[in-house]
Each structure stands twice: as structure tokens, then as C-alpha cells.
Amino acid sequence: MPKEGQTIAGQIIERVKAQGLIASDGLASGKFPAYLAALKTSVISCGEVSQIRRSFSTAYLPLDTEVVRRFQHLGLRKMGQVYSFWSIPPKF
């Protein structure tokens, strides 16, 4: 991630917070990884995306709540556990 992108994102967050609002930002190589980065309030480089998302709960997956509930019923509580079933990682 270019340093200027991190600087701009930081400036936006500071301006939003100055208005008394709550904000977070996430910089990553795609929309879903950026969403996860925002949850962690961090920057995720392209090489870190697969490693970082493995630690998140399956509740954050962009899937129907029934599918997530079934994952959790099967003991699949972390994204990494779900990803381990695919030989080619899913795109979310």
C-alpha cells in the first residue's frame, strides 16, 4: 500500500473524529480485506490478506446467516477453518 494512501486515510479519519463521529478505516487489496482491516483498524498488505483473514470469526463472512450458523454448528468458528476445506481459496 502506498504511503500516501495511508496518510490520506489517516487524515480522513482525523477529520471525521473531529466532528465527534466514530470512524475506522481499512486499507487492503480488495473490498472484503479492507472491511476486515477496518475492523482491526490497520493496513493489510497484499501478502498479509490470507493470513489476517484466517483469524476472523466466520460471523464476518458475507454469507447468509443460516450458512454461517451451520459453519459454527460444525465447529468452524474461524475463517481459516472454513478456508482449509478449499484447495483454491474462496474470493471472499
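View 1. Leucine 39 belongs to helix α2, which spans residues 31-40 (helices are DSSP runs of H or I with at least four residues, numbered from the N terminus). What you see here is a predicted model, in which local features need pLDDT of at least 70, side-chain atom pairs count only at pLDDT 80 or more, and totals for chains, interfaces and linings use all residues. Residues are numbered from 1 along each chain as its sequence is written, and side-chain values use heavy atoms, with hydrogens and water left out. With a relative accessible area of 39%, leucine 39 is partly exposed (buried is under 20%, exposed is over 50%, and partly exposed is in between, with a 1.4 Å probe and protein chains only). Together with Tyr35 and Tyr60, Leu39 makes a nonpolar surface patch of about 270 Å². Such a patch joins nonpolar side chains (Val, Leu, Ile, Met, Phe, Trp, Tyr) within 5 Å, from residues with over 30% relative accessible area and no salt bridge.

View 2. Welcome to the salt bridges, of which the structure holds two (a side-chain nitrogen of Lys or Arg within 4 Å of a carboxyl oxygen of Asp or Glu). Arginine 69 meets glutamate 66 at 2.7 Å, N to O; both residues sit in helix α4 (residues 65-73), three residues apart, about one turn of the helix. Glutamate 66 also pairs with arginine 70, their closest N and O atoms being 3.1 Å apart. These two residues are four residues apart in helix α4, so about one helical turn separates them. Arginine 69 is partly exposed at 47% relative accessible area, and glutamate 66 is partly exposed at 28%.

**View 3. Inside the largest nonpolar core.** Nine residues make up this core: Phe32, Leu36, Phe56, Leu61, Phe71, Leu76, Met79, Val82 and Tyr83 (a core is a set of buried Ala, Val, Leu, Ile, Met, Phe, Trp, Tyr and Cys residues joined through side-chain atoms within 4.5 Å). Helices α2 and α5 are the elements that give two or more residues to it, and α5 provides the largest share, three residues. Leaving aside residues up to four places away in sequence, phenylalanine 71 touches Leu61, Leu63, Leu76 and Val82 (contact means heavy atoms within 4.5 Å).

**View 4. Tyrosine 83 up close.** Tyrosine 83 lies in helix α5, residues 79-83, and is buried, with a relative accessible area of 3%. Arginine 54 is 29 residues from tyrosine 83 in sequence, yet their C-alpha atoms are 7.7 Å apart in space.

Conventions: Patches are made of residues with over 30% relative accessible area and no salt bridge: like charges are joined within 9 Å, nonpolar side chains (Val, Leu, Ile, Met, Phe, Trp, Tyr) within 5 Å. Accessible areas come from the Shrake-Rupley method with a 1.4 Å probe; for residues, only the protein chains shown count as cover.
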